[in-house]
Amino acid sequence: MKDRDVASCRACERFVLQIPGWTTFVQSYWLLRADWRAEPGFFHGALHFSCLSGWEHEEAFRRELVEILTGRGRPITVEAEDGAHVLEQPGLYYSELVHQDGEWSIHRNTSTDRWLILSRRGPWFFLDARQLDALAQGLPARADEGGERVRLPEGLELEIDSASLAGLLDALAIRDRYPGLLEHGSPDYQVWGYFPKKRGLAYSVAVDLPLPRSAAEFLAGYAREYEPIRFDEPG
Ligand SMILES: [Zn+2]
């Protein structure tokens, strides 16, 4: 684990090109316990969402994940060589359950107008009010914020500066880890810069998030009626 590249998937070990809705990066500060390992430790790093379903450690991973995403922080006991330590595992405060429909649940943040769409197996998404507005208008929830920087593997046979997203995914041999992206995601891939010496790629991908139809339909109605969080109310 320690020697692995920061951009390799913690489930399949292949390269992860971060694209909203298809991949994620589990932050180390989450203190997500990796109970499935022989030595006590924490899980962090890159993941293809498509690798989660069927992953041998999925259940244990998801148990911890749900606690962190929907929780408000909790003490956890961690065994180390010099005995047990109590650490504070953070919570992300998506604590208000808004809706549940078998495969999916929708949670609202307790202090900001943000929502978590959490699948029982597979991906999770964060949405803001602007994306909810889009759903209410019958449009896709589009992720188009910011950019990414990544160090590409050695030996890619590709003109990185001018390659298409499909070409890059093929050269990295990971296109199958992004099901539906090229067909339904309307990805807008932009190269911001490529630095051959370090094989550093700065890029962005704006994309329609692959929300399940039932969740998108629910949110379209919900978006018209929820009460935004206000800070100017008395008391
Ligand atoms: Zn993977």
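View 1. Among contacts between residues at least 6 apart in sequence, 53% join residues at least 24 apart. The model is predicted. The chain holds five helices and 14 strands. Its radius of gyration is 19 Å, close to the 18 Å that the globule rule gives for 235 residues, so the chain is as compact as a globular protein of that length. Along the principal axes, the C-alpha trace spans about 60 × 55 × 35 Å. Of the 235 residues, 27% count as buried.

View 2. Domain 1 covers residues 23–89. Domain 2 is made of two segments, 93–138 and 209–226. The C-alpha centres of domain 1 and domain 2 lie 23 Å apart. Seven residues of domain 1 are in contact with 10 residues of domain 2. On the domain 1 side, the touching residues are three nonpolar, three polar and one charged.

**View 3. Helix α2 against helix α5.** Helix α2 runs over residues 129–136, and helix α5 over residues 213–225. Two packed helices are described by the angle between their axes and the distance between the axes. Here the angle is about 105 degrees and the axes are 8 Å apart. Angles of 65 to 115 degrees count as roughly perpendicular, so α2 is roughly perpendicular to α5. From α2, the contact uses Leu132, Asp133, Leu135 and Ala136. From α5, Ala216, Leu219, Ala220, Ala223 and Arg224 meet them. By class, this contact has seven nonpolar residues, two charged residues and no polar ones.

**View 4. Leu31, a positive phi in a loop.** Leu31 sits in the loop between β1 (23–26) and β2 (32–33). Its phi is near 55 degrees, a positive value in a residue other than glycine. Is Leu31 buried, partly exposed or exposed? Leu31 has 17 other C-beta atoms within 10 Å. A residue counts as buried at 20 or more and as exposed at 12 or fewer, so Leu31 is partly exposed.

**View 5. Ala173, a positive phi between two helices.** Ala173 lies in the loop between α3 (165–171) and α4 (181–184). Ala173 is not a glycine, yet its phi is positive, at about 60 degrees. Around Ala173, 11 other C-beta atoms lie within 10 Å. The cut-off for an exposed residue is 12 or fewer, so Ala173 is exposed.

Technical notes. Residues are numbered from 1 along each chain as its sequence is written. This is a predicted model: local features need pLDDT of at least 70, side-chain atom pairs count only at pLDDT 80 or more; totals for chains, interfaces and linings use all residues. Domain bounds come from an automatic or database domain assignment. Two residues are in contact if their C-beta atoms, placed from the backbone, lie within 7 Å. Ala, Val, Leu, Ile, Met, Phe, Trp, Tyr, Cys and Pro count as nonpolar, Asp, Glu, Lys and Arg as charged, and the others, Gly among them, as polar. Helices (H or I, at least four residues) and strands (E, at least two) are DSSP runs, numbered from the N terminus. The radius of gyration is taken over C-alpha atoms; the globule rule is 2.2 Å times the number of residues to the power 0.38. Axes are lines fitted to C-alpha atoms, for helices over the stretch in contact, and angles run from 0 to 180 degrees between N-to-C directions. Angles under 35 degrees count as roughly parallel, over 145 as roughly antiparallel, 65 to 115 as roughly perpendicular and the rest as oblique.
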